[in-house]
Amino acid sequence: MLLGVLVALVAYLALHGSSGVSRHTSACMGQRGAPVVRQVAPGKLSPLREQLARLVPQRVARLYEEGTVLAASAWTDEEPAPPAVSPTALRPAGYEMRWWAPNGDDVVADVLVFADAAHAQRFLSLASSARCRRKASPQGAASPPLARNLSWLNPEGAAQADVYMARGERVYRIADAPAGQATGNIQPESLARAMLTIDTLACLLPGAHCSVGSKSGVPA
């Protein structure tokens, strides 16, 4: 099943677009008042990375960046931080991986660990809303259960599709900024395909509990 999803993902992504997008910190600090991730020992980050690495193997897309992130990155799209100088320094319990898809789409996956499930749910509610975002359109996701979709213009002005899912004290996000879109514009057809892609990938996350039909693949 996993191999079928990945093959379908490659087939879809290879058909659309040819250029990626860069990112920078948003001037609109929508994360104010949102819960923050826990601080953990470096050894606690490896399991978080493993949960994300299974989504897009290197043979499917090229991993170009990874590291720790804060919860605020949901709004700012700031780049992940490299390992700390001190091997024992506490790190944010948030991890991000970024891939270039074969067609140039920018695919991102995050896992954020909060103090408890209540904080995770509050973050999910805020991050998946139109709060402090340009041309944002939130909606419930068809899958995974209780996930939330969001389309918006990211801080670079590129159209982006996100899916958020809370499971216990963790919140997962997968995003796809489709290649080949004009800055400041949202092409509904491209965003719809991107939404199907990220919802399918989200079904591979721990505790997703997607139905068999929801993991059948993405459109070519």
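This is a predicted model: local features need pLDDT of at least 70, side-chain atom pairs count only at pLDDT 80 or more; totals for chains, interfaces and linings use all residues.
Two aromatic rings of Phe, Tyr or Trp count as a pair if their centres lie within 6.5 Å.

The protein chain has 5 helices and 9 strands, and along the sequence they run in the pattern α-β-α-β-α-β-β-β-α-β-β-β-β-α. Of its 220 residues, 52% are buried. Taking contacts between residues at least 6 apart in sequence, 67% join residues that are at least 24 apart. The accessible surface comes to about 9500 Å², and carbon and sulfur atoms account for 57% of that.

Now for the rings. Searching the whole structure turns up 3 aromatic pairs. One of them brings together Trp-75 and Phe-123, which sit edge-to-face with 5.8 Å between centres and 90 degrees between planes. This pair ties together distant parts of the chain: Trp-75 belongs to helix α3 (residues 73–76) and Phe-123 to helix α4 (residues 117–127), 48 residues apart. Trp-75 counts as buried because its relative accessibility is 2%, under the 20% cut-off. Phe-123 is buried too, at 0%.

Phe-123 also pairs with Phe-114: their ring centres are 4.9 Å apart and their planes meet at 35 degrees, so this pair is tilted. Like Phe-123, Phe-114 is buried. Put together, ring pairs join Trp-75, Phe-114 and Phe-123 into a cluster.

Arg-133 lies over the face of Trp-152, 4.3 Å from the ring centre.

Terms used
Residues are numbered from 1 along each chain as its sequence is written. Side-chain values use heavy atoms; hydrogens and water are left out. Rings of Phe, Tyr and Trp (its six-membered ring) pair if their centres lie within 6.5 Å; planes under 30 degrees apart count as stacked, over 60 as edge-to-face and the rest as tilted. Helices (H or I, at least four residues) and strands (E, at least two) are DSSP runs, numbered from the N terminus. Buried means under 20% relative accessible area, exposed over 50%, partly exposed in between (1.4 Å probe, protein chains only). A charge sits over a ring if NZ of Lys or CZ of Arg is within 6 Å of the ring centre and within 35 degrees of the ring normal. Contact means heavy atoms within 4.5 Å. Accessible areas come from the Shrake-Rupley method with a 1.4 Å probe; for residues, only the protein chains shown count as cover.
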